[in-house]
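Dear colleague,

I am passing on the structure below, together with some notes on what was found in it. Please read the notes with the coordinates open beside them.

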Amino acid sequence: VEFEDVTIIDNPDDPGMYTLEVRTINEDTWITSEEYEIKVPTVTTLPGTVEAYNAADILMTSSTGVTAIQTMLAVAGDGWTVSIGEGQYTETLNTATANVTIVGSGDLADIVIIGNWTIDVDDTTLDNLTLDGDITVTADDFILQNSVVDDGGTLDLHSGGATDATVTNTVFNVEDDIGITVNEDDATITSTTFTIPALGVGVSIEDGGTDTAVTDSTFNGTAGNGINVTNAASVLTVKG
């Protein structure tokens with residue numbers, strides 16, 4: 001059956017599976033079609049606005065588009081704040097200046113960064129961000145707080161002199177991967193939730209990981225490991 005005037009067909013407003021009944025004017029019996037689907041269109045979420053504030057909390061510049069975050073990281077100075085507005089960002093990022101806070105402005109679920117990070121300068125803070133990618137930390141005094149790390153990412157606290165990383169009030173959706181790899185000294189993990197529904201690991205303490213403290217945290221799942229220690233010389237403290 002071919003309809004020459006498609007305006008006579010009204011699709012339903014609600015998405016779902018439907019059938020269509022048709023017949024010709026010469027037939028008494030309606031024929032039912034195979035099921036077809038009315039789908040919700042996929043609308044791309046665009047990047048938002050990223051702003052750079054100096055140490056006196058004065059807005060210095062802003063950017064948007066596919067390189068918005070990295071552009072602001074490149075101009076940020078010591079003690080600055082990079083504020084990331086709601087949106088979806090696909091960038092491969094690296095920090096450029098020590099003592100910079102990168103914070104999401106808005107609803108955590110609506111500030112999504114897809115891509116890998118390299119944190120190679122001291123005193124970097126990530127706050128209120130949804131992260132879908134690996135975060136590799138090779139510098140001192142890194143802080144990750146109030147964030148979500150989805151199953152596309154692992155936080156790698158890397159050896160090579162890095163110390164004193166802190167992870168607090170963050171959710172790791174681990175799936176079958178690793179939430180946090182500890183390969184440095186003096187890491188602190190507190191008030192953090194690890195969801196491990198598959199054969200994943202919440203925290204893996206590697207050969208370079210010493211003096212790791214895990215406090216007041218939650219490990220959910222039945223098929224994975226909460227904490228895995230591969231270094232017999234590590235000092236692990238678990239409380240709460």
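In these notes a residue is called buried when its relative accessible area is under 20%, exposed when it is over 50%, and partly exposed in between, with a 1.4 Å probe and protein chains only. The model is a predicted one, in which local features need pLDDT of at least 70 and side-chain atom pairs count only at pLDDT 80 or more, while totals for chains, interfaces and linings use all residues. Residues are numbered from 1 along each chain as its sequence is written, and side-chain values use heavy atoms, with hydrogens and water left out.

Thr-124 belongs to strand E13, residues 124-127 (strands are DSSP runs of at least two residues, numbered from the N terminus). Thr-124 is buried because its relative accessibility is 1%. Setting aside residues up to four places away in sequence, Thr-124 touches Thr-95, Val-100, Ile-102, Ile-119, Asp-141, Phe-142 and Ile-143, where contact means heavy atoms within 4.5 Å.

Asn-54 sits in the loop that runs between strand E5 (49-53) and strand E6 (59-64), and it counts as buried because its relative accessible area is 17%. Apart from neighbours within four places in sequence, Asn-54 is in contact with Met-60, Gly-79 and Trp-80.

Ile-8, by contrast, is located in the segment before strand E1 (16-18), and Ile-8 is exposed because its relative accessible area is 56%.

Best wishes

Terms used: Helix = DSSP H or I, 4+ residues; strand = E, 2+ residues; numbered from the N terminus.
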